[in-house]
Amino acid sequence: MSSKKTSFLSRNLFEHEIIKDSVFLNRDIMTPHYIPSKLLFRDIQIKEITTNLAPLFKGLRANNLFLYGKTGTGKTATAKFVLREFEEFASKNKTTNAKTIYINCRIHNSKYKVLLKILANLYPDKDFIGFSSTFLHEKLMEYLDENSMKLVLILDEIDKVKDVDELVYVLTRCNDDLANASITIVGISNNVFFKQRLDPRTRSSLCEKELVFPPYNANELKAILSERVSLAFKKGAVSKSAVALAAAIAAQESGDARTAVLLLLRAGEIADSLQKKRVEEVDVLRAKESVEEEIILSMINTLPEHEQLVLYAIASLTIAKKGIKKISGFSSNNTLSQLSDVVLISGEIYEEYLTIAEKLKGNAVSLRWFQQYINELEMHGLIAVAEAGRGFRGNTRIIKLAYDAEKIKNIIEKNFS
Ligand SMILES: Nc1ncnc2c1ncn2[C@@H]1O[C@H](COP(=O)(O)OP(=O)(O)OP(=O)(O)O)[C@@H](O)[C@H]1O
Ligand SMILES: [Mg+2]
């Protein structure tokens, strides 16, 4: 029997049928859930996290860690990668009882929900829903103490926890009362303003050690993509220039590996739908707009409600003003990813936001929070902000929307309907 035949038979018949007419060998490898077994350009971060957690296996305490960097810089992938190694070593190492729990705070977004999630993991047969958080806290302490457990808690997207100061306080206080057990927190966030928001005491306990994840450049993204493509696509099914283009687009926009991977996934799907044997630059270009939309959609959906309403106010005003420009003959073609040509002033946005928030939610945030939200929207690249300069009052800032106003308005409207 030829080796070709053997490899055909070694594949499931249905799997074979599905990939027969596709550029993909294993499409799953291009999806966000996949954790790569090899992480490029993150050696320093991997080493730092490992060195920091290793003392737990010697019966000592470890520092709490705070990992931050822009979206798509590999924070989650790196943390999960190290956790896998940690768990593997913990299962072999009989002298120390150590364990990791990964929590996505986008879903578990309050102190209570995080505590519930921890207990669900520690006591899989019990249901603690409805018990007070004091009770949950006591059960957690009891478990750790009885098992002399060194627990590593990964709080991914920790900025999404509403009462984060209280959560960090409760968890770190556990350590004061535990002799042979401990909790080490690994907090992760892509929000550069998150630290400023914290109570100084929380900040110093959560950020005992900090680790930055810088954006990737085009060459790094190319290497990351090439590695992924060799596993996910059939041999020769993606042209080198398509890989380079996806890397260049992602590097230019944000240095975000998620965008880069998603571009090639969608480009592969487009090639399949056109029954092409090879993914080329043109497919990456075709994929660009839908990927941009996907990324913006998921970003907007994770913003706090009132931050969405501030963005909604900006989009509404932009549309209203664009209407005026059109009538007066000043309109220009405003395509997605181009900055809007409508310039707004922070004061008028706040007024508009107040009206919208009162109508939809019956309350509104203070001017201070509003300014914070403007900073965050700029950080996410959804708006561009500049100081208004002379001729304007004090803190006035001028603001432009970075994406299509109609699309943004539609996305947010769905969230509030
Ligand atoms: N160094 C790397 N090598 C290989 N793949 C990577 C690397 N960094 C990131 N990726 C891939 O890029 C995607 C995004 O990475 P990840 O989810 O870790 O980003 P993140 O920093 O957690 O972003 P966010 O702040 O939005 O949660 C994932 O598919 C991940 O597998
Ligand atoms: Mg992440």
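Angles under 35 degrees count as roughly parallel, over 145 as roughly antiparallel, 65 to 115 as roughly perpendicular, and the rest as oblique. The views below show a predicted model.

**View 1. Packing of helix α12 against helix α13.** Helix α12 spans residues 257-273 and helix α13 residues 281-301. The two helices pack at an angle of about 125°, and their axes lie 8 Å apart. The pair α12 and α13 is therefore oblique. The crossing of α12 past α13 is right-handed. On the α12 side, the contact consists of T259, L262, L263, L264, R266, A267, I270 and A271. These residues meet D283, V284, R286, A287, K288, S290, V291, E294 and I295 of α13. Sorted by class, the contact of α12 with α13 holds 10 nonpolar, two polar and five charged residues.

**View 2. Surroundings of ligand 1.** Ligand 1 is surrounded by 19 residues. The closest of them are L40, T71, K75, Y216 and R228.

**View 3. Packing of helix α5 against helix α7.** Helix α5 covers residues 111-122, and helix α7 covers residues 164-177. Their axes come within 9 Å and cross at roughly 40°. This angle makes α5 oblique to α7. From α5, the residues in contact are K111, V114, L115 and I118. Their counterparts in α7 are E166, L167, V170 and L171. By class, the contact of α5 with α7 comprises six nonpolar and two charged residues, with no polar residue.

**View 4. Packing of helix α5 against helix α6.** Helix α6 is formed by residues 133-147. It packs with α5 at an angle of about 35°, with the two axes 10 Å apart. The crossing of α5 and α6 is left-handed. Helix α5 contributes K111, Y112, L115, L116, I118, L119 and L122 to the contact. Helix α6 contributes S133, L136, K139, L140 and Y143. The contact of α5 with α6 divides into nine nonpolar residues, one polar and two charged. K111, L115 and I118 of α5 take part in this contact and also meet α7.

Definitions and conventions
Residues numbered from 1 in each chain as written. Chains lettered and ligands numbered in written order. Predicted model: local features only at pLDDT ≥ 70, side-chain atom pairs only at ≥ 80, totals over all residues. Heavy atoms only, no water. Axes fitted to C-alpha atoms, helices over the stretch in contact; angles between N-to-C directions. Helix = DSSP H or I, 4+ residues; strand = E, 2+ residues; numbered from the N terminus. Left-handed = near helix turned anticlockwise from the far one by under 90°. Contact = heavy atoms within 4.5 Å. Nonpolar A, V, L, I, M, F, W, Y, C, P; charged D, E, K, R; others polar. Near = heavy atom within 4 Å.
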